[in-house]
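Here's a quick walk through this fold, strand by strand. Have a look at the model first, then read on.

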Amino acid sequence: MSEAATSETHDGGCLCGAVRFRAVGAPDWVAHCHCASCRRATGAALATWVGYPDTAVTITSGALETYPSSPGVERGFCAACGTPISYRASRFPGEIHLTIGSLDDAGALDPTLHVWEAERLPWLDLADTLPRHPASSRPERG
Ligand SMILES: [Zn+2]
Ligand SMILES: [Zn+2]
């Protein structure tokens with residue numbers, strides 16, 4: 001890990017401003033997720049997630065409300081405005097995934113892969129050359 005990567009910081013928050021967070025360090029990955037759950041949870045055609053170690057992310061203002069969207073999965077959002085902010089799963093221990101749209105500088109992070117390509121909406125045509133995984137990019141665990 002380079003010194004530049006460790007000094008990298010990304011702030012973000014929800015639409016109403018009640019919840020703010022800070023992520024320190026370079027993200028592990030930035031993934032476009034085409035799964036039906038993320039689509040419904042965000043109300044968008046796809047969800048782009050920024051993966052961090054749990055320890056890299058701090059809520060600096062307000063608090064996340066959470067709900068279990070499937071067994072072992074907890075999605076975090078602002079209780080006041082509903083902005084989807086975080087995703088944690090028991091099969092990805094020690095990780096937190098943040099919605100890229102909640103970052104102040106979303107344009108500064110380049111996506112690195114697509115996951116759940118098999119559930120991509122048929123009219124969504126993204127002309128990038130990133131790796132595309134039909135389901136999760138990682139083996140299922142427990
Ligand atoms: Zn809010
Ligand atoms: Zn998803």
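## Valine 115 and its surroundings

Valine 115 counts as buried, because it has 25 C-beta neighbours inside 10 Å (a residue is buried with 20 or more other C-beta atoms within 10 Å of its own, exposed with 12 or fewer, and partly exposed in between, all with C-beta atoms placed from the backbone). You'll find valine 115 in strand β10; strands here are DSSP runs of E with at least two residues, helices are runs of H or I with at least four, and both are numbered from the N terminus. Leaving out residues up to four places away in sequence, valine 115 touches Ala31, Cys33, His133, Ser136 and Ser137, where a contact means that the C-beta atoms, placed from the backbone, lie within 7 Å. The C-alpha atoms of valine 115 and cysteine 33 are 4.9 Å apart in space, even with 82 residues separating the two in sequence.

Tryptophan 116 sits in the segment after β10. Its phi is positive, about 55°, although tryptophan 116 is not a glycine. Tryptophan 116 is buried too, with 23 other C-beta atoms within 10 Å.

## About the model

This is a predicted model, so to speak of local features takes a pLDDT of at least 70 and side-chain atom pairs count only at pLDDT 80 or more, while totals for chains, interfaces and linings use all residues. Residues are numbered from 1 along each chain as its sequence is written, and chains are lettered from A and ligands numbered from 1 in the order in which they are written.

## The chain as a whole

The chain has 2 helices and 10 strands. Read from the N terminus, the elements go α-β-β-β-α-β-β-β-β-β-β-β. The radius of gyration is 15 Å, close to the 14 Å that the globule rule gives for 142 residues, so the chain is as compact as a globular protein of that length (the radius is taken over C-alpha atoms, and the rule is 2.2 Å times the number of residues to the power 0.38).

Along the principal axes, the C-alpha atoms fill a box of roughly 40 × 35 × 30 Å. Buried residues account for 29% of the 142 residues. Take the contacts between residues at least 6 apart in sequence, and 56% of them join residues at least 24 apart.

## The seven-stranded sheet

An open sheet of 7 strands runs in the order β6-β7-β8-β9-β4-β3-β10, with mixed pairing; strands pair if DSSP finds at least two bridges between them. At the edges are β6 (65-70) and β10 (113-115), each pairing on one side only. From one strand to the next, the twist averages 30°, with axes fitted as lines to C-alpha atoms (for helices, over the stretch in contact) and angles running from 0 to 180 degrees between N-to-C directions.

Strand β3 (residues 29-33) pairs with β4 (residues 47-53) in the antiparallel sense over 5 bridges. Along that pairing, cysteine 33 stands opposite alanine 47, alanine 31 has tryptophan 49 as its bridge partner, and valine 30 has valine 50. With β10, β3 pairs in the parallel sense over 3 bridges, and there the partner of alanine 31 is leucine 113. β4 also pairs with β9, antiparallel over 5 bridges, where valine 50 meets leucine 98.

How many of the 7 residues of β4 are buried? The count is 5, so β4 is largely enclosed by the rest of the structure. The largest nonpolar core has 24 residues, and Cys33, Trp49, Tyr52, Val57 and Leu98 touch the most other members. A core here is a set of buried Ala, Val, Leu, Ile, Met, Phe, Trp, Tyr and Cys residues joined through C-beta atoms within 7 Å. β2 (20-24), β3, β4, β8 (84-89) and β9 (95-99) each give two or more residues to this core, and β4 gives the most, with 4.

Tryptophan 49 touches Ala31, Cys33, Tyr87, His97, Leu98, Thr99 and Ile100, not counting residues up to four places away in sequence.

## The β1-β2 hairpin

Strand β1 (residues 9-13) runs antiparallel to β2, and 5 bridges join them. Aspartate 11 stands opposite arginine 22 here. The hairpin has 6 residues between its strands, and glycine 17 takes a positive phi near 90°.

Key
Contact = placed C-beta atoms within 7 Å.
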